[in-house]
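Please look at the model slowly, with the sequence beside it, and follow one residue at a time.

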Amino acid sequence: MTINERIKEIRRLLNKSQREFAKAIYVSNGYLSEIETGRKEVNERLIHLLSSTFHVNKQWLLTGKGSTFINSIKDRLDKMSVLFNELNPEFQDYVLQQMDILIKLQNKL
């Protein structure tokens with residue numbers, strides 16, 4: 001898989017249209033299309049934008065080795081678990097209540 005194909009794979013994994021993806025990384029739709037089809041070469045600026053915007057692992061993007069994303073869901077859950085266990089029980093309850101509120105808010109959007 002080429003770096004251009006890996007960029008398309010990132011977009012697919014994030015379930016974004018070309019338009020949404022291009023807008024998020026500040027490039028035009030046409031430019032992204034040419035990147036994905038291999039008509040344009042990937043530059044350092046684009047690699048940086050993908051990494052900083054979508055937490056893409058630069059090594060995976062360049063070589064295909066390693067995990068696709070830096071902050072995988074498992075990494076986030078592991079971090080949440082450690083932090084959650086450090087809280088007093090009343091603060092743990094508060095965190096859970098806030099998560100419920102956020103989910104309800106998200107579902108309304």
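Phe21 counts as buried, because its relative accessibility is 0%, where buried means under 20% relative accessible area, exposed means over 50%, and partly exposed is in between (1.4 Å probe, protein chains only). This is a predicted model, in which local features need pLDDT of at least 70 and side-chain atom pairs count only at pLDDT 80 or more, while totals for chains, interfaces and linings use all residues. Residues are numbered from 1 along each chain as its sequence is written, and side-chain values use heavy atoms, with hydrogens and water left out.

Which residue pairs with Phe21 through its aromatic ring? Rings of Phe, Tyr and Trp (its six-membered ring) pair if their centres lie within 6.5 Å, and planes under 30 degrees apart count as stacked, over 60 as edge-to-face and the rest as tilted. By this rule there is one aromatic pair, and in it Phe21 and Phe54 are stacked, at 4.9 Å centre to centre with 5° between the planes. The pair links distant parts of the chain, since Phe21 belongs to helix 2 and Phe54 to helix 4, 33 residues apart; helices here are DSSP runs (H or I, at least four residues), numbered from the N terminus. Phe54 also counts as buried, because its relative accessibility is 11%.

Not counting residues up to four places away in sequence, Asn4 touches Ile35, Glu36, Gly38, Lys40 and Val42.

Two of these contacts, Glu36 and Lys40, bring us to the salt bridges, each defined as a side-chain nitrogen of Lys or Arg within 4 Å of a carboxyl oxygen of Asp or Glu. The count comes to three. In one of them the side chains of Arg11 and Glu36 meet at 2.6 Å, N to O, and because Arg11 lies in helix 1 and Glu36 in helix 3, this pair ties together parts that are 25 residues apart in sequence. Arg11 and Glu36 are both buried. Another salt bridge joins Arg12 and Glu9, also at 2.6 Å, N to O, and these residues are separated by about one helical turn because they are three residues apart in helix 1. Arg12 counts as exposed, at 54% relative accessibility, whereas Glu9 counts as partly exposed, at 21%. Lys40 and Glu34 form a salt bridge at 3.8 Å, N to O; Lys40 is partly exposed, with a relative accessible area of 34%, and so is Glu34, at 28%.

The loops deserve a look too. Tyr26, in the loop between helix 2 and helix 3, has a phi near 60°, a positive value in a residue other than glycine, and Tyr26 counts as exposed because its relative accessibility is 64%. His55, in the loop between helix 4 and helix 5, likewise has a positive phi of about 60° although it is not a glycine, but His55 counts as partly exposed, at 32% relative accessibility.

Gln106 is found in helix 7 and counts as exposed because its relative accessible area is 55%. The C-alpha atoms of Gln106 and Lys16 are separated by 18 Å, although the two residues are 90 residues apart along the chain.

Key:
Contact = heavy atoms within 4.5 Å. Helix = DSSP H or I, 4+ residues; strand = E, 2+ residues; numbered from the N terminus.
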